[in-house]
2 protein chains.
Amino acid sequence: MTPVPPSEKEPFKVTPWAVEGRIDYGRLQELFGTSPLDDELLSRLRRLLGEPFHPLLERGIYLSHRDLPRLLDGYERGTPFVLYTGRGPSGEIHLAHLIPFELCSYLQRKLGVELWVQLTDDEKFLFSGRAGRSELSLKDTYRLGRENLLDLLAVGFDPKRTHVLFDTLSIRSLYPIALEVAKRVTFSTTKAVFGFRNDTNIGSIFFTSVQSAPAFLPSVRAGRPVPCLIPCGVDQDPHFRLTRDVAEPLGYPKPALIHNRMLPGLLGEEKMSSSADRQDNAIFLSDPPADVERKVSHAFTGGRASIEEQRRLGANPEVCSVWALWRSRFAPDPAEFAEITRTCRSGELLCGECKSRLVPRVQRFLREHAERRREVDAWLDSRIEDGPPPGRGG
Amino acid sequence: MTPVPPSEKEPFKVTPWAVEGRIDYGRLQELFGTSPLDDELLSRLRRLLGEPFHPLLERGIYLSHRDLPRLLDGYERGTPFVLYTGRGPSGEIHLAHLIPFELCSYLQRKLGVELWVQLTDDEKFLFSGRAGRSELSLKDTYRLGRENLLDLLAVGFDPKRTHVLFDTLSIRSLYPIALEVAKRVTFSTTKAVFGFRNDTNIGSIFFTSVQSAPAFLPSVRAGRPVPCLIPCGVDQDPHFRLTRDVAEPLGYPKPALIHNRMLPGLLGEEKMSSSADRQDNAIFLSDPPADVERKVSHAFTGGRASIEEQRRLGANPEVCSVWALWRSRFAPDPAEFAEITRTCRSGELLCGECKSRLVPRVQRFLREHAERRREVDAWLDSRIEDGPPPGRGG
């Protein structure tokens, strides 16, 4: 079991609940013991998935993995796998939250695989009100949870191949598996993996078992080992290291993982996240057009101090929050993305013009997303495991 | 929060999972901070409940409480309460397990109150395989759980006023409340109350939240505060101290408790409990007549070394496992019980004769119990909260 990076030795820290400092992704791979998503593996994925190859893979936003080749070996020998990803509902959905769901949507469309989505309203209740996070009731996290699911599933999924595990509603399916996991994990282990302390509440201590359960539930339902691939932010890796440690003793296949890097915040922070006083750090899916325009126009870029200097020296896309948006989603055409990157570096494209081009793309994306969201509302409740919430048909 | 009795200072130790040493019940009340069930309170109960007054109350088997007068005040002012008791299914049911259920049956019959029964199959899975306990799978604890419920409910309940919380089946009702509890309890608290350590598994650490939940569920269902009385063995008190500590901050009434002493084992142990090599310490509800006869005839008594000595000095019922059986259930007629006690003390009644009288009573009780058990089988599944087990009609 690899511990979290000790903060006294490393200038950054990554846990499922906090990202501090500037992440050195190469060093993080060493610390976590993950493998790079290298050219050979990318070529293999490209052969399997065909064209168009997804920008999230093509452009290095997915950057590391655990056991992906073994999963692909099985798939190519005829053993289908399932996808599992999730969301902790602590607030509204912003663009960064979509990344694992966009990869899942693409993989489901290409391979026809099933998706299991976990909505951890229990987690966000248990961890709220600590370390600067505002207090959330179970009613809050439940309400946010349903809203969040509408946003996330609007990325595009086949309802018949999509299972929703809404923790407080679906706990009867999750709990027996969580118990099996919990019996094999001690408090000491959670101290080492998550940095828990004696004053951590006992719900938070137990919670990682509930996050492990969806990786094994498809095997339980099928009555045979079903391989599982978990696309997630690299900050969620500690949970799944633990899941992988207990998998084989419990008779389940170790889940494979594929990790995305953090999407930077518009205010120049390492991770697009938001709080009451930093709403402009993130673009929410509910943002009206004027907010999108304001947020992008104020966004942190890799530009120079003056137009003259930028024309002469070029800008630096690697640190730019606007370029990160082009890279992730808003320039799906490889030629356009290459052009934006080249002219940014050369000084031909100035930040103001670049932002002006991006704003309408984001506005249009949000408008179309809102339409797809209404379609999801028609089927979401029927896909919640163990039945819909009380008082709703389904 | 009162800690468990420190074993270096006290010659006995009582936790929900172990009773060690000879319990000094007076000292235990001091350590736990409970109140004696004194003559004044017994008189009040007798006025409320009328005749016949139950032997478990009359004869001091229920011996302490928390907040019982306040619960009775409310009842007499027109606020009904619910009963909550439970069972951890680690093995077959023996006579000692019936004690809280017999009191509940009597109170339900007398007062018409609702009973909530919790079956903690999760707990017994999580705590199995440690401290000398044999390993149990969730399948084992589930199977034992249903068998145990048949035995326990055969004591006699009104199905319409009986709710069964079978943890792994009813977790959707329990979990949101358990989360509220868990958020207010730290690992430090569970160390102090239960003696947990860093190598305790995270399911065991969380479990006490699940045992708290039934005390609050009736309030959640009713949408108003519903007082709750918990009849239980004194060894279960630590869980409910914690339940009481979190109740008011969560907006629920503090549950009241009434505690029974441990029924001694037939081999002279402090608590009637059993393991593979001590089957003769307890009378199981499934024991065939010949086993009852053997176990009673070998039972530890308060008799003397010789008949002559016993005739001269009398025997000591206080330490006798056979007298404890008469006291609890097998001499419901007060005159008969007084006669047995008097003649035991005087030396008129010898142990062999006393045992010969008891054996047919126990055999008859078990025979009648088995008939009532078959009746419970017809309604049990329909009373499990959140629906019956998969594959069974409801």
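Let's start with Arg342(B), which sits in helix H15 of chain B, residues 334-346; helices here are DSSP runs of H or I with at least four residues, strands are runs of E with at least two, and both are numbered from the N terminus. Arg342(B) is partly exposed, with 13 other C-beta atoms within 10 Å. For that label, 20 or more other C-beta atoms within 10 Å of a residue's own make it buried, 12 or fewer make it exposed, and partly exposed is in between, with C-beta atoms placed from the backbone. Pro317(B) is 25 residues away from Arg342(B) in sequence, yet their C-alpha atoms are 9.4 Å apart in space.

A quick word on what you're looking at. This is a predicted model, where local features need pLDDT of at least 70, side-chain atom pairs count only at pLDDT 80 or more, and totals for chains, interfaces and linings use all residues. Residues are numbered from 1 along each chain as its sequence is written, while chains are lettered from A and ligands numbered from 1 in the order in which they are written.

Let me step back to a whole chain. Chain A has 16 helices and 9 strands, and 50% of its 394 residues are buried. Its C-alpha atoms fill a box of roughly 65 × 50 × 50 Å along the principal axes. Of the contacts in chain A with a separation of 6 or more, 73% are between residues 24 or more positions apart; a contact means C-beta atoms, placed from the backbone, within 7 Å.

And how do the two chains meet? 28 residues of chain A are in contact with 28 residues of chain B. On the chain A side, H6 (121-127), H8 (167-183), H9 (187-194) and H10 (202-222) each supply at least two residues, and H8(A) gives the most, with 9.

Finally, the symmetry. A rotation of 180 degrees with 0.0 Å of shift along its axis puts chain A on chain B, RMSD 0.1 Å, and that is the relation of a two-fold axis. The superposition is by least squares on C-alpha atoms of residues with pLDDT of at least 70 in both copies.

Note on methods: Contact = placed C-beta atoms within 7 Å.
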